[in-house]
Amino acid sequence: MKSKKITALLTAAVLTVSLLAGCSSGSGGGSSAGNSEYAGTKISFLNSKGEIQSGLEEMAEAFEKGTGIVVDIMACGAGEVPYTKITSAYNSGTAPTMAMLDTTDIIALAEEYALDLSDAEWIGEAEAQITRVNDKVYSFPFCVEGRGLIYNKTAIEDTLGTNFDPSSINSYDALKSLLEQLRAAGMENPVVISKEDWSLGAHQLGFIYDAYDGTTKGADDIMAQLKGGLDPLEYARFNEFVDTLDLLLEYNINGKNPLGALYEQDPIFLVDGDAAIWANGVWAWPNLTDAGAESSDEYGFLPFVLGNDTSDFANNGIQAAASKQVMIDKVQASEQEQNAAKEFLNWIVYNETGQQMLVETCAVIPACGNNKNEPLDPLGKDIQQKMADGKAFSSSFIAPSDHWSVMGAAMQKYIAKESSREELAQSLSGYWKAQ
Amino acid sequence: MGRNKSEKLKNMCIFALPGIFVFCAVVIIPFIYGFYLTLTDWNGVSQVKNLVGFTNYGEVFKDADFWNSMLLTLKYVLFSVLLVNLVAFLLAYMLTNGVKGQNFFRTGFFTPNLIGGVVLGFIWQFIFSRVLVNFGEATGWGIFSTSWLSDPNKAFWSMVIVTVWQLSGYMMIIYIAGFTGLSTDVMEAASIDGATGFQRLKSIILPLMVPSFVICLFLTLSRAFMVYDVNLTLTGGEPYGTTRLVAMHVYEKAFTARNYGVGQAEALFLFLIVACISGVQIYMGKRKEVEA
């Protein structure tokens, strides 16, 4: 009896203690030698670009070697929304010292949670890519991303048997005739349209905002007009966009069942030369590599042509802007951690190893002009070249956070031919009026 | 144990308090806090929460998408609960009659339940959008020629199929327990009285199995109402938002649209509906229970 009772008590005690064990937190961590005054500081970095996770970890290692500051790169899992992750991190008191987020999210968090970086030195290096909230800078532009129509030059030239000059595609008609030629030459369906809602809702439909006048301010303008009741059908860019979309859909390799498209299969069409054009952005390079593309292959961007004006900026350049921004936490991080984080950003901008690793290991296009390293992949190279030639516009529309999801569904309905142009316009104006 | 009052109190503290503590910490307090959040305009992250009274509840009634996904969820729950229990009961019936290798089959049917819903969703996504499509192309069967997940109606049934596949093994175990718990005396008496197999099933087995039905219905009901993982990874609400079940809608409202108050209010509605339905189901089921 006695021993039974003791066992029962012990069991209860063990269960209770193990419950509480979850609440305790381990602390400590070794300090390693380094030549920074913040050596030994441990900071964290939330990464929202899954494809560069291992690259960033390598960078953190190199940074630690040089400075002694430990940067823990936190991954944002596939399908996990970065904003949700950062929100729950803040609510549970475990906010990362630095967080890489989309511009929309940065703006939502800036004034309450982000450290004011208005006097950072690197602002001068990336003036065109800086986002300001009420005239203050809260975030570091981590990389530039651009989007348009990715083309496979070899596939086009092999099919047509002639040289292909991408700059000749500068109007709706030019694109139309290229597609007609490709079909006539045997490439039955030269276009790949992915069905992902983020791709359709944010990246494709987004052209109607970004191409308003090519600036973020212009995008804000047109959104305000739509909120104010502008009928999308009266807005030229919307109609031009739907025209081009219709054209692309006519030649869509997923055309038999547009919503049955598979994002893993889409790049394979392009790489194998079954198709020659994929409406997507520079972030698709890792997918293309997975599908068998090599850095030496010839890929590049055509503009997502809108209308027939060959002098239109939207037909001569592609959209490219800082899309991932890094903010430093000002609420939960100590001053020492904040300074260590600032040092990490400076290291990326000014340290030679940092510069090189950003471009080569992480394979992103730097937003800072002083970084002269050339991207290794052809898509990145093309965007950097286009930016240098002034053939890029830097608008990066900032829509409410559910825009991609709500309008993505409307776009899916449209590409599945379950809704008409009028209905798509109605969804769009309905969405904006509800804001 | 427990000879006098203080002893009783001591024992209660030792054995019940940890449980009560956990229950409060993970259920009661979040529930009350959640209710408080429905009265605010919180966006999920800002440090200031303004009290806005009951306007969020008004928003819930204006949110047509919420009620649509609620209807869809009711439809999903209806079909999954019926099919899961039907399949589970039949499996259990077959696997308690001394089929050769029944332990092997029991394990086999139970295994899907050990796979997490997220992984399960990905596996079936692959099956529906790849395997079946290839199969359809090879055999020329029209029904499989396009991905089921790209058609609103078929995508809905895909979810039901996956749910049935996942849950019926679990429910089967409970029914098997029910079957093995049947008193052999009663069964023997029925045989002697000349009851046929179907009569035995209808008049003896089913009434005696009511406790198993009550627990299985309750488990399937609550799991089907709250389903999120399979919904997320199998269809993701696609095509064009037609398979968005209510839990996913609430999540999108709270986190994607950053409308925490409204999302929380909708979650509360969901809770009330599930609580009512499960409560009624248990009450009715308990009344039908009989003693052997």
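Which are the buried residues of α7(A)? Let's start there, and thanks for coming, everyone. They are A:Asp197, A:Ser199, A:Leu200, A:Gly201, A:Ala202 and A:Gln204. Buried here means under 20% relative accessible area, exposed means over 50%, and partly exposed is in between, with a 1.4 Å probe and protein chains only.

Before going on, some ground rules. This is a predicted model, where local features need pLDDT of at least 70, side-chain atom pairs count only at pLDDT 80 or more, and totals for chains, interfaces and linings use all residues. Residues are numbered from 1 along each chain as its sequence is written, chains are lettered from A and ligands numbered from 1 in the order in which they are written, and side-chain values use heavy atoms, leaving out hydrogens and water.

Back to our helix. Six of the eight residues of α7 (residues 197-204) of chain A are buried, so this helix is largely enclosed by the rest of the structure. Helices are DSSP runs of H or I with at least four residues, strands are runs of E with at least two, and both are numbered from the N terminus. What do the buried residues of α7(A) pack against? Their partners are β6, α8 (207-210), α10 (236-250), β8 (277-281) and α17 of chain A. Contact, in this talk, means heavy atoms within 4.5 Å.

Let's follow β6, which spans residues 139-152 of chain A. This strand pairs with β9(A) in the antiparallel sense, over four bridges. For a pair to count, DSSP must find at least two bridges between the strands. One bridge joins A:Leu149 to A:Leu302 in β9(A). Strand β9 (residues 299-302) of chain A is covered on both faces. On one side A:Tyr299 and A:Phe301 are buried, and on the other A:Gly300 and A:Leu302 are buried too.

Leaving aside residues up to four places away in sequence, A:Asn47 touches A:Ile52, A:Gln53, A:Leu56, A:Ile73, A:Met74, A:Ala75, A:Cys76 and A:Met100.

Helix α17 (residues 403-415) of chain A packs with α18 (residues 421-433) of chain A at an angle of about 170 degrees, their axes 9 Å apart. Axes are lines fitted to C-alpha atoms, for helices over the stretch in contact, and angles run from 0 to 180 degrees between N-to-C directions. So α17(A) is roughly antiparallel to α18(A). Angles under 35 degrees count as roughly parallel, over 145 as roughly antiparallel, 65 to 115 as roughly perpendicular and the rest as oblique. Among the residues meeting here are A:Met407 and A:Tyr414 from α17(A), and A:Leu428 and A:Trp432 from α18(A).

In the loop between these two helices you will find A:Lys417. Its phi is near 60 degrees, a positive value in a residue other than glycine. A:Lys417 is exposed, at a relative accessible area of 62%. A:Ala363 is also a residue other than glycine with a positive phi, near 55 degrees. A:Ala363 sits in the loop between α15 (352-361) and α16 (378-388) of chain A, and counts as partly exposed at 42% relative accessibility.

Confidence in chain A is lowest in helix α1 (residues 2-21), with a mean of 64, and highest in strand β7 (residues 191-192), at 92. Over residues 22-33 of chain A, pLDDT stays under 50. Where pLDDT is low, the predicted coordinates should not be read in detail.

Finally, chain B. Its secondary structure comes to 12 helices and zero strands. The C-alpha atoms of chain B fill a box of roughly 80 × 75 × 30 Å along the principal axes, and buried residues make up 41% of its 292 residues.

Two helix pairs are worth a look. Helices α9 (residues 210-225) and α12 (residues 260-288) of chain B pack at about 170 degrees, with axes 9 Å apart, so α9(B) is roughly antiparallel to α12(B). Helices α4 (residues 102-110) and α6 (residues 152-181) of chain B pack at about 140 degrees, with axes 7 Å apart, which makes α4(B) oblique to α6(B).

How values were computed
pLDDT is the predictor's confidence in each residue, from 0 to 100.
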